[in-house]
Amino acid sequence: MESRQGMLREAKWTDVFWRGLYAAQVGEGAYTVEIDYFDIRERIALYRNGMLVDSQKSPAVFELPEGGRIEVAMALYGVKYARIVDGRRSDGGEVQLVPAPGSAEYLRLRFARRHPAVSRAIAVLAWAVLAVALVTQLPVTLNSLGHWVGFAVPTFALPNWANAALAVAGLLAALDRAFRMKYNPLLDD
């Protein structure tokens, strides 16, 4: 990726599909974490004041010269967490990084601030879709694995169109949760 050669590349509108940017101000340092969601090596880059400081494989822990550290871990799509941890602080010292302009997470956060009721409704719908997908599709998955050991669990007999609709809705719901930086290992992995 060209931006990992030294300078943080300016965000383009097409970056929202594959690039995550998270930012924080720590002392005199403006830190930005960059993630390419389609990088199979799962590399996470850290920039300080626009210059590349370090690049690590997920989960990454970047020690900061100002004290504390930035911790980032990737999920299937999106992040499990992107946070600053500073054990010297009395409040436990854990602060989530904020999405930076030019990322899908930033656009979703801006939408949530402008339309909080609609955003909450979408969040509830996304959770419900993923829960229904988990309940209806987990037995199918277990049965596909269980044929080797000779057991079967009851499944829900959904028509093909319902399975297809649930798959598309599940993908959209998972993307919404990723853009809102919500992670649950049962729903999001």
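Glu34 is buried, at a relative accessible area of 0%. Buried here means under 20% relative accessible area, exposed means over 50%, and partly exposed lies in between (1.4 Å probe, protein chains only). The side chain of Glu34 meets that of Arg19 in a salt bridge (2.7 Å, N to O). This pair links distant parts of the chain, with Glu34 in strand E2 and Arg19 in strand E1 (residues 19-26), 15 residues apart. Arg19 also counts as buried, at 0% relative accessibility. A salt bridge is a side-chain nitrogen of Lys or Arg within 4 Å of a carboxyl oxygen of Asp or Glu.

The model is predicted: local features need pLDDT of at least 70, side-chain atom pairs count only at pLDDT 80 or more, and totals for chains, interfaces and linings use all residues. Residues are numbered from 1 along each chain as its sequence is written, and side-chain values use heavy atoms, with hydrogens and water left out.

The protein has four helices and nine strands. Along the sequence, the pattern is β-β-β-β-β-β-β-β-β-α-α-α-α. Helices (H or I, at least four residues) and strands (E, at least two) are DSSP runs, numbered from the N terminus. Of the 189 residues, 39% count as buried.

Strand E2 (residues 29-36) runs antiparallel to strand E3 (residues 43-48), and five bridges join them. Two strands pair if DSSP finds at least two bridges between them. Glu34 has Ala45 in E3 as its bridge partner. Six residues lie between the strands in the hairpin of E2 and E3, where Glu42 takes a positive phi near 55 degrees. E3 is also joined to strand E4 (residues 51-57), by six bridges, and these two run antiparallel. Here Tyr47 stands opposite Leu52 in E4. The hairpin of E3 and E4 has two residues between the strands, and Asn49 takes a positive phi near 55 degrees.

Pro59 counts as exposed, at 56% relative accessibility. Pro59 and Val79 are 20 residues apart in sequence and 9.8 Å apart in space, C-alpha to C-alpha.

The whole structure holds seven salt bridges. One of them joins Arg41 to Asp39, with the closest N and O atoms 3.4 Å apart. Arg41 is exposed at 55% relative accessibility, whereas Asp39 is buried at 11%. Arg69, Glu71 and Arg83 are linked in a network of salt bridges.

Another salt bridge joins the side chains of Asp176 and Arg108 (2.5 Å, N to O). Asp176 lies in helix H3 and Arg108 in helix H1, 68 residues apart, so the pair links distant parts of the chain. Both residues are buried.Helix H3 (residues 160-179) has 20 residues and should span 28 Å; its end C-alpha atoms are 29 Å apart, which agrees. The expected span is 1.5 Å times one less than the number of residues. Buried residues in H3 include Ala162, Leu166 and Gly170. Just after H3, Met181 takes a positive phi of about 60 degrees.

Ser103 is found in the loop between strand E9 (98-99) and helix H1 (104-114). Ser103 is buried, with a relative accessible area of 0%. Its side chain reaches the backbone oxygen of Ala100 at 2.8 Å.

How values were computed:
A polar contact is a pair of N or O atoms within 3.5 Å; within protein, one must be able to donate a hydrogen and the other to accept it, and residues adjacent in sequence count only if both atoms are side-chain atoms.
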